[in-house]
Amino acid sequence: MTLLEEFGQFIEGSYQTTFSQETIHSARRALLDWHGALIAGADTDAASRLRDAYSEEFGVGKCSVAGSQKKVFARAAAFMNGTISHIAEFDDIFRDGAYHPACPTISAAFALAESRNDSVDNLLHAIIIGYEVSTRISKVIQPSHYRYFHTTGTVGVFGAAAACAYLLRLNASQACNALATAGTFASGLQQAFRSDSMTKPMHPGHAAELGLNAALTAYAGMTGTPDLLEGDAGFGAALCENPRWNELFLGLGSSWNIEHITFKNHGCCGHNFPAIDAVSYLLNEHAIDPEQIKKIRVGGYKATAEVCHYIHPQTPFEAKFSLTYTVSARIILGRVRERAFLEKALANHQIYSMEEKIELVIDPECAAKFPLHRSAKVEIEMNDGTIYQQHQLTRHGDPDEPLSDQELVDKFHELAEPRVGLQIAQTLSGGVLGAQGLAVRDLAKLWSKMSY
């Protein structure tokens, strides 16, 4: 039996699985967080241009796209919502796989569920399965895969395909075919987010559309290559070094990775988070006066230096991938949320001056622990010679220091209320987190009232 054949059996068997309330609640948290990221991205320039590019697609179909009141077919909705939900950089993370599962997985499953008038309960089950399959693959191909590839674009196809296979109730063979077809189209190069372009968020959009398309073609009887993961010229051979396929199914079905997801507390690249959290701790612990800071030394891991390399960023994109800027924004503005990336903040001379005081180096201990741990060592030296130090072993929002439900709801409302209003935001958060018997279309009706 090949790896994907075993996943196919797992997906078929999951139709009889009774998920615990804890697991279901974790899926609800993921769905709410996806909605916040989706709504936050809907009024951006990139989202507007994307909808313009798909203008001929609107006015047909049954599926909603954030930022438009017109419907489209499921494939177009999966692509656009998968893209839009990644634009604002507020989407969730599976730390062990350097992977954002929500954008590809939920965007594809939501579109298919809306087109079929499926229930939110069934959608939640599909999300659990999509997360499980894709996070497991993401974990065993790291860290080498992340050297060149954007995991959310590559592994995201498996999350989308698995979730849609669940909704379509594909049998084991069909589910294997869906995963295999999706996997051969996996793509997304890291170079796309080492410059200020609009390509990066399209990676999960592409993955969402591919996964949905692969599930639909498998449902129609089209076949894939069963040994696509482990074959001599397959996914593992091409996209990573020494994948640990022997670990792929450890504990499968006995625990669920959706219960161990990171939810972002800051609106930027997650590689910045450990340093931001360390600085936050020191500021709160010692009542540091920013005007008396002489020097800030940050020890991080290689990905932080490579991905978050911008200094004195000129655009919101560059700012979100700037360690010096995001740390400075936390010190000067108090938070690194949407306000930190407005034009006014980018021109803030206090943030600019603080950046000049920050030095980023690779710390061997932090580098050795990546990707299982996202850590940073921060040292703040004051003008009077006092030095404050913090070794941040994890990020606030990681599974070992999770955001509470209230923190997650607060984050959602901060993103949603300015765009959909308090009443709709409250109805949406309440519906996602607690209401029973809703259809996916009931949720879509709330945020599809946005139009930009």
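A: Let's start with cysteine 103, which counts as buried because its relative accessibility is 0%. Buried means under 20% relative accessible area, exposed means over 50%, and partly exposed lies in between, with a 1.4 Å probe and protein chains only. Keep in mind that this is a predicted model: local features need pLDDT of at least 70, side-chain atom pairs count only at pLDDT 80 or more, and totals for chains, interfaces and linings use all residues. Residues are numbered from 1 along each chain as its sequence is written, and side-chain values use heavy atoms, with hydrogens and water left out.

Helix H5 covers residues 102–115, 14 residues in total. Helices are DSSP runs of H or I with at least four residues, numbered from the N terminus. From first C-alpha to last, H5 reaches 19 Å, close to the 20 Å expected at 1.5 Å a residue; the expected span is 1.5 Å times one less than the number of residues. Most of H5 is covered, with 13 of its 14 residues buried. After H5 comes asparagine 117, whose phi is positive, near 55°.

Cysteine 269 leads us on to the largest cavity. His100, Tyr146, Cys269, Gly270 and His271 lie nearest the centre of this cavity, among 16 lining residues. On a 1 Å grid over the protein atoms alone, a cavity is a set of points where a 1.4 Å probe fits but cannot get out, and lining residues have an atom within 4 Å of a point. The volume of the largest cavity is about 160 Å³, where volume is the space filled by probe spheres set on the points, which are joined across faces, edges and corners. The lining has seven nonpolar, five polar and four charged residues. Ala, Val, Leu, Ile, Met, Phe, Trp, Tyr, Cys and Pro count as nonpolar, Asp, Glu, Lys and Arg as charged, and the others, Gly among them, as polar.

Notes
Helix = DSSP H or I, 4+ residues; strand = E, 2+ residues; numbered from the N terminus. 1 Å grid on protein atoms, 1.4 Å probe; cavity = no way out; pocket = protein on both sides within 12 Å on 5 of 7 lines; lining within 4 Å.
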